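This briefing goes through a predicted model, taking one topic at a time. Please keep the structure at hand while reading the points that follow.

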Amino acid sequence: MSLDVVALWLGWLLVWTLGAAITFALYRRFGDLSTDRGGVAFVIGVGWFIGQFALTLWMRLLSLVHVPFGVVPIAGPLALIAAAFAWDATRHHGLAPVRRARDAYDALRGVELDNAPRALWLALLGWLAFRFALLLLEVLRRPLYPWDAWTQWATKARVWFELRRIVPFGSEAAWLAAPAGSVYYDAAPNYPGTVPLTQVWSATLLRRFDDALVNLPWWLTGVAFAFALYGFLRRQGMKPLAALVGAWLAVSLPILDTHVALAGYADLAMATYFTLTALSALRYVRTRSIADLVVALVLAVACVLIKSPGKVWIATLIPGLIVAWSARYGLRIAGAFFAVALAAALVLTRTGIAVLGYHLQLDFDMPWGGLWDAYFAFANWHLLIYGAIAVAVIGFRELLSRDIAPLTIVVAAGVAFLLFGFAFTNARLWVEDQSTVNRATLHLAPLIVVWMITTFDAWARSFSRADEPRHAAPAAA
Amino acid sequence: MQPIVQNAPLVSPPGDEARTGERPAAPPLPQSKRSPWRAPAMLLLGVLIVFVVGYLAWSVPGAWFPGASPKTWYAKDLTLARGTGALHDTALAVTSTDANGVALVSVNTDLRATDYPGVAWVVADLQEDAVVKMLWRTDVRPDKVNSIVLGVQSGRTLPVVMAENRDWVGRITGLALVVEGRLAQPVLIGGVTAKPMGVLGVIRDRLRDWFAFEPWNGASINTITGGADNQPIPLPAALALVLGAASAIAFALRRARPRAFAIAMPAMLAAFFVAGWLVLDSRWTLNLVRQEHATALRYAGKDDVAKHLASEDGALFAFIEKAEAAMPKTPVRVFVAADDDYVRGRAAYHLYPHSVYFNPRSNALPPPSAMRAGDWVLVFERHGIQYDKALGKLRWDGQPPIDAELKLLAPGGALFVIR
């Protein structure tokens, strides 16, 4: 391994450490990780997302004050901040972090599990490790491949890396009128710079724009997401094996893996940040922990700065949060929210205007064939959509129960957003040709996984309670 | 053996783990030497067998175990009787139809119709609305040319079952494929296979569909087919059907006989679902292994430049390398002209951090009035651009000429600077 590749790994390790230190300190001060199983996985996983976003904010700030991008200007202050947060998080706790690390190592080995669950645990860990090893090889070897990656995302990264600052991208008219080099142009000049900035950091570490290696953060995002989901599910009270299965279901989705392997799009970041935003926000309403609130807010801001639909995705959280907040009136308010949103959307379709680049039209024409292929026939989602429908059917009594209702409403709002877009905008064409339907659904899919397994679990509890008397009756007889 | 999960929810209340030490608090079961998972596994297996047998009964048109084996004629065996085209590697590329709008490829055969009830043409890159027919002759009525319209999906022809066709009789002495209408792009014909369509052949076809290698392509970032295109039975749907039926039967059995299974119903359903997911994930993992092998063959051990040269746009990249050597080191304005969307986008990407203009959606160039002295124009595989070296004039698409100097000329590409 050459020195530049070592620098690449170390540079990203610093960013991950920064995020983990911030998250750890945050929960030390304002939250509670002490009683949480999965706390270490949570800190590691969420830490990546916090650290990555913090890096891009720092790079924006450097560019704003005309400090050229470089390893020292970027990494130096971030290392100091990471050290400060790590010190703050650990100063009052002596060897507790060491014990926590030992506990985490034991948990990783599954020492707390019985023989059969432990065998399954280790097998699943091995399966996940093998999957991510394959994805890593693909990311490190294949130069930037998918279309939009080199027409509208890495275009910005290449320019900003070479010029060592953020320069504006503008419309065709702006480019033609501007002096040379003052405005740049690509296929989507208005797209946010968060994702390209991660490539700029990779290239800065490498000191060259290597079309394959700059994409390392996509792989790291996949790995961190598995940690974060496992941590979230464990902190919700799920058992280790069930939480690991949940994380596996999410990160084994072929379209998600494809967005890791064929790195360069922002949809993976959109999906992972949005999932963690939703889970953190809903958790905050339950715990009222400032740490959960801060994490949710930071991740929500990141969603908006990753991709334009991030604003809409964040809006879809509102009815679910209302339901979580007000057990008594939440569902009614959320129902009213849905009705108003639907009415507003239908009114907008009559105007023929474009929202986020999608042209609204009052001409219901759901592309059923394209949806069937995407969700049920092709390999994009394994059995996710089948499973989600089955769970909704068998667990319909649980869908609006106090524990499940907020997540149900969030998922319902997300599905409504997707289906509205497919039925009432020009996006229907991109469903028929399969060009957008799966990428748009990817943003919501990991959350559907979480909703599916938590609803199934609620149904399982309810079923077991109801079943026990019947089950016991013949034996008693 | 203890059950893995017995009536245990996936979630435990806070503090529960500390008391239980993470072990599921399962009530004791009656001891049995048989695994409690045996009955659910047998149920699932039974449902699977019923579905497979049912599918075979529905899809096998003739004998279940025919004596004949498949017969294939490859592209090199085909004759292009009408239209134009040429053999490229393993496919016959038909580039245009004849004056009557017909392209026809044929092959002489000698088949017993009853032995071969299925025919599959390997045809790709058809338009979705293409009209494609199969023709055949028999020794029963040698003077008659029979025909049947073939289905087209995703640019490929679908296999056709001929068992019920009254004209598929005697010995088949010739097969042909007709493509009607103007061709927007070359149609690739790989060959034709006559199939006995017995049980083993149908099972083999389905397994081949499901486990065919699906390498990365331009659409992969948008959708993963999962094996071959045009699968009559998609694996996720088949698995969902089997798992759904097994779950429904388990519910019914449980309702009729509460002690039918030693495993709690939720655990059983979860296990069915995870098993189905694992099958699909194994297929996906296998595809990733094959893909990584292909990627390694192409890119492993190469540096960034060598990787670009080995990529799909290697020739373009090589030209851009030369162009950049002829251009200033400091960023300048560059207009990219190419007919193909892909080439324009890739050329622009390689040219950054120069200030590049490319039209992402059409090959139109801005008018000359939009250009300034000192701007550059990079042309690669673009028709309609003329340069008069003597006068130093560049023009395109009927626009007025503009003063320009040729800085680089290479096969398929040129670089100009505006004066």
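In β12 of chain B, the residue that stands opposite M134(B) is L177(B); this pair belongs to the antiparallel pairing of strand β7 (residues 131-138) with strand β12 (residues 171-180) of chain B, which are joined by eight bridges.

**The five-stranded sheet of chain B**

- The strands β7 and β12 of chain B take their places in an open sheet of five strands, whose order is β2-β5-β12-β7-β8 and whose pairing is antiparallel.
- Because β2 (79-82) and β8 (146-150) of chain B stand at the edges with a single partner strand each, one side of each is left without a neighbour in the sheet.
- From one strand to the next, the twist in this sheet averages 30°.

**The hairpin of β3 and β4 in chain B**

- Strand β3 (residues 84-88) and strand β4 (residues 91-96) of chain B run antiparallel and are joined by five bridges, and within β4(B) the residue opposite H88(B) is A91(B).
- These two strands, β3(B) and β4(B), form a hairpin that has two residues between them, and D89(B) in the turn has a positive phi of about 55°.

**The seven-stranded sheet of chain B**

- A further open sheet of chain B has seven strands in the order β15-β14-β16-β20-β19-β18-β17, and its pairing is mixed.
- At its edges are β15 and β17 (385-388) of chain B, each of which pairs on one side only.
- Direction ignored, neighbouring strands of this sheet are turned by 35° against each other on average.
- Within the sheet, strand β19 (residues 402-410) and strand β20 (residues 413-418) of chain B pair in the antiparallel sense over six bridges, with I418(B) in β20(B) as the bridge partner of A404(B).
- Helix α7 (residues 314-326) of chain B lies across β16 (376-380), β19 and β20 of chain B, and its direction runs at about 125° to β19(B).

**Overall dimensions and domains of chain B**

- In total, chain B has eight helices and 20 strands.
- The domain assignment of chain B gives domain 1 as 71-197 and domain 2 as 309-418, and the centres of these two domains, taken over C-alpha atoms, are separated by 43 Å.
- Chain B has a radius of gyration of 31 Å, whereas a compact globule of 419 residues would have one near 22 Å.
- The C-alpha trace of chain B spans about 100 × 80 × 35 Å along its principal axes.

**The contact between chains A and B**

- Between the chains, 67 residues of chain B are in contact with 75 residues of chain A.
- On the side of chain B that touches chain A, the elements giving two or more residues are α4 (235-256), α5 (265-299), α6 (304-310), α8 (341-351) and β15 (355-357) of chain B.
- The largest share of that side, 17 residues, comes from α5(B).
- By residue class, the side of chain B that touches chain A divides into 40 nonpolar, 17 polar and ten charged residues.

- Ten residues of domain 1 of chain A are in contact with twelve residues of domain 2 of chain A.
- On the domain 1 side of this contact, the elements that give two or more residues are α10 (240-251) and α11 of chain A, and the largest share, four residues, comes from α11(A).
- The residues on that side of domain 1 of chain A divide into seven nonpolar, three polar and no charged.
- Helix α11 (residues 254-261) also meets helix α12 (residues 267-287) of chain A, where the two axes come within 9 Å and cross at roughly 125°, which makes α11(A) oblique to α12(A).
- In this packing, L256(A), H259(A) and V260(A) of α11(A) meet D267(A), L268(A) and A271(A) of α12(A), and the residues of the contact divide into four nonpolar, one polar and one charged.

Notes: Residues numbered from 1 in each chain as written. Chains lettered and ligands numbered in written order. Predicted model: local features only at pLDDT ≥ 70, side-chain atom pairs only at ≥ 80, totals over all residues. Contact = placed C-beta atoms within 7 Å. Nonpolar A, V, L, I, M, F, W, Y, C, P; charged D, E, K, R; others polar. Axes fitted to C-alpha atoms, helices over the stretch in contact; angles between N-to-C directions. Parallel < 35°, antiparallel > 145°, perpendicular 65-115°, else oblique. Pairing = 2+ DSSP bridges. Domains from an automatic or database assignment. Rg over C-alpha atoms; globule rule 2.2 N^0.38 Å.
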